[in-house]
Amino acid sequence: MKNISTIWFDLDATLYSAESGLWAQIGHRIETYMQDILGFPQKKMLELKMDYYHRYGTTLRGLQIHNGVDSRQYLDFVHDIPVQDYIRPDLELRNILGRLSQKLWVFTNSDLAHTCRVLDALGIADCFHGLITVETIHFQNKPNHEAYRAALKISDETSFNKVLFLDDSTRNLEGAKSLGVQTVLVGSEQPHPSADYSIIRPHDLEKALPELFLK
């Protein structure tokens, strides 16, 4: 673990708990958009939502490819949520992040505006070297290899094996691990083939990998 110089953190349901309700509300907004804006009946909407997510990694990517959706309209709609009603400043997480000497990046399939709102609500916006959002990588997205390659370049990192990646999605971790990234599953302590380590919360990173915190 001494070779790790960059850490990528997923955003939604990783930096904050999935139990907060925010991630579920985003899912509800996606369904509302597909029904009210795109006009899909409920059964068809649910089928397409899951099909696109499993085929492309995000529902948005499928809607872009097959339905010509306005990406900006979609992102503005699904993220039009008062995040402060769901999450609060997290001083414990801020302390953990502040004691890491590696370059810290948020790497998310969400957009920049939503990412900034979440980080501001958590009180950790200044803890990161930079943000890698869906716009940053030109609407590529995890778990596609193109997204990880773009993120590596943006991170100004020389090799995937110098990166540690935290995500709540085993599928996203699997894509990264196949390229040589060391992976941490957030949200479960159960072992999984996609994850080198498993923790309940990002706050538990020091317990799982204390060597990251050695100066």
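Pro143 sits in the loop between strand S3 (130-132) and helix H7, where helices (H or I, at least four residues) and strands (E, at least two) are DSSP runs numbered from the N terminus. A cis peptide bond joins Lys142 to Pro143, with omega at about 10 degrees. Most peptide bonds are trans, and most residues other than glycine have a negative phi.

Before going further, a word on the model: it is predicted, so local features need pLDDT of at least 70 and side-chain atom pairs count only at pLDDT 80 or more, while totals for chains, interfaces and linings use all residues. Residues are numbered from 1 along each chain as its sequence is written, and side-chain values use heavy atoms, with hydrogens and water left out.

Ala13 has a positive phi of about 65 degrees although it is not a glycine. You'll find Ala13 in the loop between strand S1 (6-9) and helix H1, and it is buried, with a relative accessible area of 8%. Here buried means under 20% relative accessible area, exposed over 50%, and partly exposed in between (1.4 Å probe, protein chains only). Asp156, also not a glycine, has a positive phi of about 55 degrees. Asp156 belongs to the loop between H7 and S4, and at 63% relative accessibility it counts as exposed. Gly68, which follows H3, has a positive phi too, near 60 degrees.

**The cores**

A nonpolar core is a set of buried Ala, Val, Leu, Ile, Met, Phe, Trp, Tyr and Cys residues joined through side-chain atoms within 4.5 Å. The largest one has 48 residues, and Leu15 and Phe128 have the most contacts inside it. Helix H1 (residues 22-37) gives the most to this core, with five residues. Another core, of 17 residues, lies apart from it and includes Trp8, Ala151, Phe160 and Val181.

What does Phe128 touch, not counting residues up to four places away in sequence? The list is Phe9, Leu15, Leu97, Leu104, Trp105, Val106 and Leu119, with contact meaning heavy atoms within 4.5 Å.

Helix H8 (residues 170-177) has Asn172, Leu173, Gly175 and Ala176 as its buried residues. They are on the same side of H8 because they cover an arc of only 160 degrees around the axis, the arc being that of the directions from the helix axis to the C-beta atoms. Their cover includes helix H7 (145-154), strand S4 (163-167) and strand S5 (182-186).

In H3, the buried residues are Thr59, Leu60, Gly62, Leu63 and Gln64. H1, H2 and H4 are among what covers them.

His79 is in the loop between helix H4 (71-78) and helix H5 (91-98). Is His79 buried or exposed? It is buried, at a relative accessible area of 5%. Leaving aside neighbours within four places in sequence, His79 is in contact with Ile26, Ser110, Asp111, His114 and Arg117. Tyr56 is 23 residues from His79 in sequence and 20 Å from it in space, C-alpha to C-alpha.

**Pockets and a cavity**

These come from a 1 Å grid over the protein atoms alone: a cavity is a set of points where a 1.4 Å probe fits but cannot get out, a pocket is an open set with protein on both sides within 12 Å along at least five of seven lines, and lining residues have an atom within 4 Å of a point. Grid points are joined across faces, edges and corners, and a volume is the space filled by probe spheres set on the points. For the classes, Ala, Val, Leu, Ile, Met, Phe, Trp, Tyr, Cys and Pro count as nonpolar, Asp, Glu, Lys and Arg as charged, and the others, Gly among them, as polar.

| Space | Volume | Lining by class |
|---|---|---|
| Largest pocket | about 560 Å³ | nine nonpolar, 10 polar, six charged residues |
| Second largest pocket | about 270 Å³ | 10 nonpolar, four polar, five charged residues |
| Largest cavity | about 40 Å³ | three nonpolar, four polar, one charged residues |

The largest pocket is lined by 25 residues, and Trp23, Ile30, Tyr53, Gly57 and Thr58 lie nearest its centre. H1, helix H2 (42-56), helix H3 (59-67) and H4 each give two or more residues to that lining, and H1 gives the most, with four.

The second largest pocket has 19 lining residues, of which Tyr16, Ser17, Ala18, Ile200 and Arg201 are the closest to its centre.

Thr58, Leu60, Arg61, Gln64, Asn109, Val134, Phe139 and Asn141 line the largest cavity.
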